[in-house]
Amino acid sequence: MIGVLFLTICVAGGLTTVTWLLPRQRPLYRIWMGSALGVLLMMWLPALAAFVLGFTLAAHAVALLLLALILALCYVWRDKRAPVRWEAQDTALLKRTLLVALPLTVLGAWLQYTHNIRPQDGALYVGQSTYGDLPLHMGIITSLQNASFPPEYSILPGTRLAYPFLADSLSTSFLMMGMDLRWALVFPGILMMALVFWGYLLLAHRMADRPRAAVLAALLVFLNGGLGFLYSFDMLGVSLGTPGSNEMQMGTWLDRLRTILQGWYQTPVNHAEFTTYNLRWSNIIADMFVPQRTFLGGWVVLLPCLYLLWDGMQPETPNMRQYALLGMMAGALPLLHTHSFLALGLASAGWLVHALITRRNIKGVLLYGGIAVLLALPQLLAFTFGQASGDGFLRFQFNWVNNSGGHGLRDGYLWFYIKNIGLPFVLLLLLMFEKNAKHRRILSGAFVIFVVAELILFQPNEYDNNKLLYVWYALCAVPIAEYAFMLWDRIRGLRARYVVAVLTCGVFFLSGSLSIARETVSNYQLFSPQDVAVAEFARDKTAPGSTFLTWTQHNNPISALAGRNIVCGPPLWLYYHGFDLTQYEQDIRAFYQDPAANKQVLDAYQVDYIVVGSYELSYLQPDMRTLYDTYEVVYEDDSRDYVVFRVPDKAAGGA
């Protein structure tokens with residue numbers, strides 16, 4: 001309850017700020033932007049105070065003082081005109097946005113509820129898309145409690161946490177204020193999804209000429225998929241695959257549907273056998289918003305920034321308060337989601353060039369850019385650039401994942417995007433032949449993102465450039481939707497017109513809908529009852545800051561559930577963050593297999609506790625006799641699924 005109250009205060013501050021600075025914006029837009037700003041304030045203000053006080057409740061109290069200071073400054077600089085009042089057009093807009101945003105939010109709430117450590121018979125379950133990524137976020141969330149800033153990786157102690165952590169620290173705030181870990185994940189997840197769904201619809205309404213195009217654009221973005229369904233339903237009467245090999249085409253007729261709904265990434269988007277089908281255009285809800293919390297948090301702020309920039313560039317006389325607010329929100333993005341910050345910067349560059357060509361006033365854009373750079377630069381220098389300077393970051397590669405490792409195109413260039421994005425990509429190609437000034441203005445920003453993402457990789461995982469490409473697609477979706485309705489109007493009078501509409505919607509949405517349907521029924525055990533029990537021991541009976549020696553599995557209960565340090569986390573994440581873990585893994589293996597000869601490993605990594613569980617037994621074959629003879633057993637469950645030993649002379653790290 002305290003966490004919800006804290007959020008309410010921050011959102012009230014955001015609403016007040018937007019109302020004072022931008023009173024001439026329509027009420028719905030003020031409510032949306034103020035709510036998003038409030039969430040951003042709840043992320044950033046405690047983090048700022050934490051650089052002095054640590055991420056403590058005291059830092060959260062100081063955050064409220066910082067909020068009061070911000071409000072005082074905004075009051076002094078306020079626009080003294082009366083706020084625009086609610087009118088019939090606002091009611092109509094609310095109805096149109098809720099028509100799409102409300103069902104999507106209900107869907108998002110269900111996925112958040114089922115995909116974030118849902119308890120069942122003492123174990124914790126998740127969905128398909130969160131099975132791999134969620135423990136990383138949980139480890140950040142649980143380890144940030146009372147942590148000193150700048151924070152370190154709990155899965156690589158001694159290393160600065162350069163991964164954008166503000167979306168996770170938001171959950172930490174709720175956790176520290178009384179929510180259990182599950183709801184500290186679920187509640188802000190639902191809130192952020194609601195803001196993204198609602199926000200994109202409002203952005204699309206501002207960009208589109210007609211409301212129907214805004215609705216279609218939102219559906220194209222959130223139900224994205226492509227033509228992969230053709231693989232699933234090709235030659236239905238013949239089984240063409242086996243488990244693990246061409247599995248999507250295994251079985252006949254309804255077997256194919258069961259494979260989609262029950263198989264591990266057997267949907268017709270982002271298919272597990274990507275070298276076979278080359279399907280890489282993940283559904284944004286199922287594979288981005290739900291599992292990738294930084295991406296979701298980034299879009300909460302990115303969409304208002306895009307709106308403020310697009311809206312601000314329309315009149316001849318710029319609203320400098322609007323650009324200043326935009327600069328402050330944009331400058332806060334790097335530690336929330338660096339890709340969103342980069343995408344916004346690229347789109348801004350494209351729109352700035354277009355404004356120069358069309359001789360528009362650019363003073364406001366320059367103000368926004370200056371503020372954003374001033375605020376973002378310390379984050380980039382202190383966190384992002386240091387980690388991103390390693391091997392595998394910032395390198396040339398043409399055509400994204402269709403040219404994996406630069407070894408040549410798997411699909412023809414245009415066919416890769418046609419089959420992955422589907423009919424919307426075809427319409428995008430066609431609409432560029434039309435002379436539409438507004439579309440060209442939108443695309444001038446969007447295609448700067450596309451060109452950069454097509455030529456440069458910004459991280460070791462080449463697939464992560466999709467975080468830029470989704471922003472390109474979200475901007476392009478408005479012109480695509482308007483072009484689709486132009487074609488619809490042109491075929492007025494055809495008897496088969498509505499048949500064409502149904503078939504078109506099927507091509508638009510079938511692949512994405514199947515991917516979402518798969519997520520709604522997916523269910524996997526992430527942590528066993530034994531995992532939960534040993535995590536409770538570590539959380540309740542050991543001191544914060546204790547370091548545990550374990551294997552490097554991703555579903556590690558010590559780091560994820562208890563928030564304690566482990567010597568080394570999984571390469572599944574850390575390799576793509578730029579770290580070479582070879583020596584860590586060699587040292588861990590050497591100690592477990594011969595503890596007597598490798599005691600120096602414990603000193604080197606300042607280990608307080610040694611864990612032996614199923615992963616250590618399976619992967620390391622530890623010398624249990626020596627461990628029992630040398631170290632004190634401080635935890636052992638009845639079935640000996642877990643044994644925890646205390647390292648001598650490390651009592652200060654214990655209870």
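**View 1. Location of Gln-266 in the predicted model.** In this predicted model, Gln-266 belongs to the loop that connects helix H10 (254-262) with helix H11 (274-277). Its relative accessible area is 2%, so Gln-266 is classed as buried, the limit for that class being under 20%.

**View 2. Contacts of Gln-266.** Residues up to four places away in sequence being excluded, Gln-266 touches Glu-247, Met-248, Thr-259, Ile-260, His-271, Ala-272 and Glu-273. Two of these neighbours are shown with their polar atoms. The side chains of Gln-266 and His-271 form a polar contact at 2.7 Å. A polar atom of the Gln-266 side chain also lies 3.2 Å from the backbone nitrogen of Met-248.

**View 3. The open sheet of 5 strands.** The strand order is E7-E6-E8-E10-E9, and the pairing is mixed. Strand E7 (565-566) and strand E9 (632-636) each have a single partner strand and stand at the edges, so one side of each has no neighbour in the sheet. Helix H22 (residues 529-541) packs on this sheet, where it touches E6, E8, E9 and strand E10 (643-646). The directions of H22 and E9 make an angle of about 125 degrees.

**View 4. Strands E6 and E8 with helix H25.** Strand E6 (residues 547-549) and strand E8 (residues 609-612) run parallel and are joined by 2 bridges. Phe-548 has Tyr-609 of E8 as its bridge partner. Helix H25 (residues 582-593) lies across E6 and E8, at about 80 degrees to E8.

Technical notes: Residues are numbered from 1 along each chain as its sequence is written. This is a predicted model: local features need pLDDT of at least 70, side-chain atom pairs count only at pLDDT 80 or more; totals for chains, interfaces and linings use all residues. Side-chain values use heavy atoms; hydrogens and water are left out. Two strands pair if DSSP finds at least two bridges between them. Helices (H or I, at least four residues) and strands (E, at least two) are DSSP runs, numbered from the N terminus. Contact means heavy atoms within 4.5 Å. Axes are lines fitted to C-alpha atoms, for helices over the stretch in contact, and angles run from 0 to 180 degrees between N-to-C directions. Buried means under 20% relative accessible area, exposed over 50%, partly exposed in between (1.4 Å probe, protein chains only). A polar contact is a pair of N or O atoms within 3.5 Å; within protein, one must be able to donate a hydrogen and the other to accept it, and residues adjacent in sequence count only if both atoms are side-chain atoms.
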